[in-house]
Amino acid sequence: METTGIKPSIGSRIFDAINIVFMIVFMFVMLYPFINLLAISLNDGVDAARGGIYFFPRVFSLDSYTFLLKNDRLFSGLWVSILRVVVGTVTCVFMTGLLAYVVTIRNFSGRKFLRILFLITMYFGGGLIPTYLLMVQLGLTNTFNVYWIPGLLNAYYMLLMASYMQGLPDSLFESARIDGASELRIYVSVVIPISMPVFAAIAVFSSVGHWNSWFDVILYNSNGKWDTLQTYLRKLLLEVEALQQIQDAQAAYSKYRNISSNTLRAAVTMVVTLPIACVYPFMQKYFVGGITLGAVKG
Amino acid sequence: MWLISIPMILWVLVFCYIPMYGIIIAFMNYIPGKPMFSSDWVGFLHFKTFFHSPDFWHVIRNTLAISGLGIVFGFTAPIILALLLNELRGRIFKRFVQTVSYLPHFISWVVVASILFATLGNEGFMNDILLRLGFIDKPISFLGEGKYFWGVLTTTNVWKDVGWATIIYLSAIAGVDSELYDAGKVDGLGRFGMVWHIILPSIRPTIVLLFILGIGGILNAGFEQQLLIGNSQTREYYEVIDTYAYKYGIQLGNYSYGAAIGFLKGIISLLLVLAANRISKKALDTSIL
């Protein structure tokens, strides 16, 4: 905290210097793994096996990326991931926002009941296995729908959005109601525009969650048809068959001989990370606001 | 209004309350494909099997150890980082450090696993540096030996979420009344004195609250990270309640057994959260529920 007015003492200045050095080291620790993987992904595969690549590629090669550009599984994974983020986020934000609006309407008799019905789900649930069996029985396994329908409404997001909407002046809704607007209409044309900050925060949380999730993919969509980018990377990391396919491709085309599983994994990791790394700094205002809102709410 | 609510009520009944009802298979010998109630009732058999299984103790040990390490390091690190960030004088530099610190929170566990395989593997830079500095004379298998697992996992967890967790503390620090600083100045407090006598006492409710929440969640020792980073050599050290229930319940098809373990964990977790809430009400006069 700035203690202006008095000249900082020597001890205070030494502390500042140490603190800055510490922060630089800290940032290095946060970022270095990504820099290292980027360097490996841009290196020749055979050479990379010798190890010792730190900041820059030793034998520069774009082969891992050109191989990926011709890889159908990567592209189908990318497509499914994007579709999932868009559909999942839009439906979740719209529906949970509507739920939050419904539980904040003062003259709605069922709002308390609805709120409690959802709050209970935050503290107790059926758990993994009963939920899995339900998805099987509903026929949601091996479909795209399993990515967005079970996540349509979220009690925690509802709490955040409702606490924001409670701070809005009632007169806004009343005047629209007097004009004869339906509640759905008020939600779309009044509530959403003025609640943009909280909608944006939830959209960040939801889209990052959708982009990053992989366990529900292997749990519910194990046939591989709806594999996302994350599951493709996971297969490259943990499953022998995925690597076998690459070796087959290498055997068929000699130009791919210079990639290795390590450089390829690094390249896919970069492809998976890059969209998030590019977007999140600009969303900072919203997610910090969302977290703080949650903290105030308790 | 009810018209809008009814589909939502239906959704929550189907996706949240039917699975709760589905827990009753924990007391049956459920066989998939057959109608649920044609299965035999077995009472608490699955719970007994779990208590007597040779895996029971190391599953409990791993869950508590990983959570405990998470509370010791994962809980204190963000507080220290937030205090240090708060002491930075350059606003732009501070914002930049914060932005960088959030990055690992936004990446998936799959990416983290990929990073770990690349950095801690035999040719990874960690072994490379240790070899060059002469600390070791052959590569250490960080991910292939059980004794390293807790350390690797805890370090990774802290790395991933330390920046994210500072958000709450920084907002608490920002809320400290500026009159307190003025009073501190009058009393001749130095920078360290300000932190010790003004900032820390002011954010104490936040610290206590998050600590209580952490205790309430002690059975959640992670799941995705274990499934990705763990392997058969480290199983004795990574298997926690959640991964155990998944393995037996779904991968091996013992649905009833897995559901029983999940139910047991759910009940204990609920009791812990209720207890945490009670403590928080008494200690801080705030309810966390």
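**Salt bridges and a buried threonine in the predicted model**

At a relative accessibility of 36%, A:Arg58 is classed as partly exposed, where buried denotes a relative accessible area under 20%, exposed over 50% and partly exposed the range in between (1.4 Å probe, protein chains only). The structure is a predicted model, in which local features need pLDDT of at least 70 and side-chain atom pairs count only at pLDDT 80 or more, while totals for chains, interfaces and linings use all residues; side-chain values use heavy atoms, with hydrogens and water left out. Residues are numbered from 1 along each chain as its sequence is written, and chains are lettered from A and ligands numbered from 1 in the order in which they are written.

The partner of A:Arg58 is A:Asp47, with which A:Arg58 forms a salt bridge whose closest N and O atoms are 3.0 Å apart, a salt bridge being a side-chain nitrogen of Lys or Arg within 4 Å of a carboxyl oxygen of Asp or Glu. This pair links distant parts of the chain, 11 residues apart, with A:Asp47 in helix α2 (residues 45-48) of chain A and A:Arg58 in the loop between α2 and α3 (63-69) of chain A; helices (H or I, at least four residues) are DSSP runs numbered from the N terminus. A:Asp47 is buried, at a relative accessible area of 10%.

Over all chains, a search of the whole structure finds 15 salt bridges. One of them joins A:Asp16 to B:Arg191, with 2.8 Å between the closest N and O atoms, and this pair crosses between chains, from helix α1 (residues 10-41) of chain A, which holds A:Asp16, to helix α9 (residues 191-216) of chain B, which holds B:Arg191. A:Asp16 is buried, with a relative accessible area of 13%, and B:Arg191 is likewise buried, at 13%. A network of salt bridges links A:Asp16 and B:Arg191 with B:Glu87 and B:Arg89. In chain B, B:Lys147 forms a salt bridge with B:Glu145, the closest N and O atoms being 3.8 Å apart; B:Lys147 is exposed, at 59%, whereas B:Glu145 is partly exposed, at 34%.

B:Thr63, located in helix α3 (residues 56-87) of chain B, is buried, with a relative accessible area of 1%. A polar atom of the B:Thr63 side chain lies 3.2 Å from the backbone nitrogen of B:Ile241. When residues up to four places away in sequence are not counted, B:Thr63 touches B:Ile218, B:Leu219, B:Ala221, B:Val240 and B:Ile241, contact meaning heavy atoms within 4.5 Å.

Notes: Helices (H or I, at least four residues) and strands (E, at least two) are DSSP runs, numbered from the N terminus. A polar contact is a pair of N or O atoms within 3.5 Å; within protein, one must be able to donate a hydrogen and the other to accept it, and residues adjacent in sequence count only if both atoms are side-chain atoms.
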